[in-house]
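Subject: Handing over a structure, with notes on what was found

Dear colleague,

I am passing this structure on to you, and the notes below it go through what was found, element by element. Please keep the sequence and the 3D view open while you read.

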Amino acid sequence: LVERYLPGRDRAWLEEALGRLPSESDGVAYLGSIYIPEDESCLCRFEAPDAEDVRLVNELARVPFARITAATELAVHDTRGDSR
């Protein structure tokens, strides 16, 4: 998970910057982002062997970041009691 803090930058700037990220490069896959305009921040998801590989892809694309950390995506479970 890549955390980005973007004071003074808008969605258009962010979309242009994220457009420089390759969808896949050297075992690193960019999975998408969540933009939080109220906090001037963005969270980006990647799949990669390790955080250093994610760091390199972001640095080569010149997309600023505050922190890169390992994260695990948890599946949504159906809690309706439906047995389908």
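In helix H1, which spans residues 11-18, the buried residues are Leu 14, Ala 17 and Leu 18, where buried means under 20% relative accessible area, exposed means over 50% and partly exposed lies in between, with a 1.4 Å probe and protein chains only. Seen down the axis of H1, these buried residues fall within an arc of 95°, so they line one face of the helix; the arc is that of the directions from the helix axis to the C-beta atoms. Helices (H or I, at least four residues) and strands (E, at least two) are DSSP runs, numbered from the N terminus.

Before going further, please note that this is a predicted model, in which local features need pLDDT of at least 70 and side-chain atom pairs count only at pLDDT 80 or more, while totals for chains, interfaces and linings use all residues. Residues are numbered from 1 along each chain as its sequence is written, and side-chain values use heavy atoms, with hydrogens and water left out.

The cover over the buried residues of H1 includes E1, E3 and E4, with contact taken as heavy atoms within 4.5 Å.

Helix H2 (residues 51-61) has Val 54, Val 57, Asn 58 and Ala 61 as buried residues. They cover an arc of only 95° around the axis, which puts them on the same side of H2. In general, an α-helix has 3.6 residues a turn, so residues three or four places apart point the same way. On the face of H2 turned away from the buried side are the exposed residues Glu 52 and Leu 60. The buried residues of H2 are covered by elements including strand E1 (2-5), strand E2 (24-25), strand E3 (28-36), strand E4 (41-47) and strand E5 (67-68). At the start of this helix, a side-chain oxygen of Asp 50 comes to within 3.1 Å of the backbone nitrogen of Glu 52.

**Residues in the strands**

Glu 3 belongs to strand E1 and is buried, with a relative accessible area of 12%. Its side chain is joined to that of Tyr 5 by a polar contact of 2.6 Å, and a polar contact of 2.6 Å also joins the side chains of Glu 3 and Arg 67. A polar contact is a pair of N or O atoms within 3.5 Å; within protein, one must be able to donate a hydrogen and the other to accept it, and residues adjacent in sequence count only if both atoms are side-chain atoms. Not counting residues up to four places away in sequence, Glu 3 touches Cys 42, Leu 43, Phe 65, Ala 66 and Arg 67.

Ile 68, in strand E5, is buried at a relative accessible area of 13%. Leaving aside neighbours within four places in sequence, Ile 68 is in contact with Leu 1, Val 2, Ala 51, Val 54 and Arg 55. The C-alpha atoms of Ile 68 and Arg 4 are separated by 9.1 Å, although the two residues are 64 residues apart along the chain.

Ser 25 has its place in strand E2 and is partly exposed, with a relative accessible area of 23%. Between the C-alpha atoms of Ser 25 and Val 57, which are 32 residues apart along the chain, the separation is 7.5 Å.

**Two loop residues with positive phi**

Most residues other than glycine have a negative phi. Asp 26, in the loop between E2 and E3, has a positive phi near 50° and counts as exposed at 74% relative accessibility.

Kind regards
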